[in-house]
Amino acid sequence: MNNLDTMEPAERLEYYERTTSQALMEVRRYRKKGPIRAALFDFDGTVSLVREGWRDIMVPYFCEVLGAWDDDAEGVYREVCDWVDFLTGKQTIYQCIRLSEEVAKRGGRALEPLAYKREYHRRLLEKINGRLEGLREGKISPDTHVVPGGRAFLEMLRGAGISCYLASGTDACYVREEADLLDLTQYFDGGIYGARDDYKTFSKAMVIAQLVEQNGLGGEELVGFGDGYVEIQNVREVGGYAVGVATEETKRQGVNLWKRARLLEAGADMIVPDFTNAECLFDVLRHVSRG
């Protein structure tokens, strides 16, 4: 690892600009120099790829539901994409609440949001069941479905004594099982948190508030990683540093430009394609380059 503490400020800045460009990292704001004491991770799309393709299940399903009450297929598709994307990172139930509201708005007979959520999960699990079975039976290597470099980066954080937390909008029972199957549970000593049927008792903002209070953290001591609006905004709201993970989930390399745009709109301080260049990312997070 580079000994950046011995570099002159101008030399350090040149190093950052060169290495982040090579690693496809986009730094919008550098964090202030100081210790990182806690790191918060989203799960799906940030460290896990088990549910890769979930949007290709949710959006067509929601369009199918609304299509029974609205014959403007193109308009429905655009609307569904907009609010599904905006609510990504929150509990799945919120997207289903919005679906219920949109059905009612069109004069339709809406189901309870939980019914929509259960049907969505049924369809998604049908798609990913082969992955889950392969992991359970040991036929698929866990790293096949971990975001590139994710395990090495988590090891690096653990080695530095940084507490890691996992907070997901996916139901807690699924998150815990999938984290176990990917052999990632060991890294999240701060805890693993997920959605509940009583959705008002859980949110990523609640997890962040709890970890800040219980650990006496200053906002600048918290770093968050995610691929959705919610975790980026929640981390920024407490003064933390928010890293947007714009993974190209299907190809497993490069920056997904659609994710990048969404994460920058949410206020991400930094964009990374994945954790392949874990050492460079860790260096950048730990040191000041400007000011």
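Mentor: A cavity here is a set of points, on a 1 Å grid over the protein atoms alone, where a 1.4 Å probe fits but cannot get out; the points are joined across faces, edges and corners, and a volume is the space filled by probe spheres set on them. This is a predicted model, in which local features need pLDDT of at least 70 and side-chain atom pairs count only at pLDDT 80 or more, while totals for chains, interfaces and linings use all residues. Residues are numbered from 1 along each chain as its sequence is written, and side-chain values use heavy atoms, without hydrogens and water.

Searching the whole structure gives one cavity of 30 Å³ or more. The largest cavity holds about 230 Å³ of space.

By type, the lining has eight polar, six charged and four nonpolar residues. Ala, Val, Leu, Ile, Met, Phe, Trp, Tyr, Cys and Pro count as nonpolar, Asp, Glu, Lys and Arg as charged, and the others, Gly among them, as polar.

Turning to the backbone, Asp183 is not a glycine, yet has a positive phi of about 60°. Asp183 sits in the loop between helix 7 (172-181) and strand 4 (191-195). Arg252, also not a glycine, has a positive phi of about 65° and lies in the loop joining strand 6 (241-245) and helix 10 (257-266).

How values were computed:
Helices (H or I, at least four residues) and strands (E, at least two) are DSSP runs, numbered from the N terminus. On a 1 Å grid over the protein atoms alone, a cavity is a set of points where a 1.4 Å probe fits but cannot get out, and a pocket is an open set with protein on both sides within 12 Å along at least five of seven lines; lining residues have an atom within 4 Å of a point.
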